Amino acid sequence: MKEAGMDCPGGHGKMVLRRAKKRMTFRGVKIIVPVEQYICAACGVEAGTVNQAARIQKTIADAYRKAVNLLAGEEIIEKRKRLNLKPA
Ligand SMILES: [Zn+2]
């Protein structure tokens, strides 16, 4: 489904769709989240539709899960190293 587009709340007309990667800290874990938002070329205000906000929430949750799993994996590798075990 195509987004209908948004107008700038500051009255600058149509906003442009922008994809970006945002760094953020979620529950103490640093993650990078790809986001899709509308931005006004005139004043730089950012806005997202409800659909975009929902997608971002899901993306944040996924990125957080991945980051936590990665950390857990690294911990296991470190422990193996310390115990002088070869990776399975
Ligand atoms: Zn504007």
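A residue is counted as buried when 20 or more other C-beta atoms lie within 10 Å of its own C-beta atom. By this criterion, 5% of the 88 residues of the protein are buried in the present structure, which is a predicted model. The overall dimensions were examined alongside this value. The radius of gyration is 19 Å, whereas a compact globule of 88 residues would have one near 12 Å. Along the principal axes, the C-alpha atoms occupy a box of roughly 65 × 25 × 20 Å.

The secondary structure of the protein comprises 1 helix and 3 strands, arranged along the sequence in the pattern β-β-β-α. The 3 strands form an open sheet with the order β1-β2-β3 and antiparallel pairing. Strands β1 (16–26) and β3 (46–47) are located at the edges and each has a single partner strand, so one side of each lacks a neighbour in the sheet. Between β1 and β2 (residues 29–39), which run antiparallel, 11 bridges are found. Within this pairing, M24 is positioned opposite I31 of β2. Helix α1, spanning residues 50–82, lies across β1 and β2 and runs at about 160° to β2. Among contacts in the protein with a separation of 6 or more, 47% are made by residues 24 or more positions apart.

Two loop residues were considered individually. The loop between β1 and β2 contains R27. The phi angle of R27 is near 50°, a positive value in a residue other than glycine. Most residues other than glycine have a negative phi. R27 is classed as exposed because 9 other C-beta atoms lie within 10 Å, and the cut-off for an exposed residue is 12 or fewer.

The second residue, G48, is situated in the loop between β3 and α1. With 17 other C-beta atoms within 10 Å, G48 is partly exposed, because this class covers residues between the limits of 12 or fewer for exposed and 20 or more for buried. When neighbours within four places in sequence are left aside, G48 is in contact with Q37, Y38, A53 and I56. Of these partners, Q37 and Y38 fall within the range of β2, residues 29–39, while A53 and I56 fall within that of helix α1, residues 50–82. G48 and T25 are separated by 23 residues in sequence, and the distance between their C-alpha atoms is 20 Å.

Terms used
Residues are numbered from 1 along each chain as its sequence is written. This is a predicted model: local features need pLDDT of at least 70, side-chain atom pairs count only at pLDDT 80 or more; totals for chains, interfaces and linings use all residues. Two strands pair if DSSP finds at least two bridges between them. Helices (H or I, at least four residues) and strands (E, at least two) are DSSP runs, numbered from the N terminus. Two residues are in contact if their C-beta atoms, placed from the backbone, lie within 7 Å. Axes are lines fitted to C-alpha atoms, for helices over the stretch in contact, and angles run from 0 to 180 degrees between N-to-C directions. The radius of gyration is taken over C-alpha atoms; the globule rule is 2.2 Å times the number of residues to the power 0.38.
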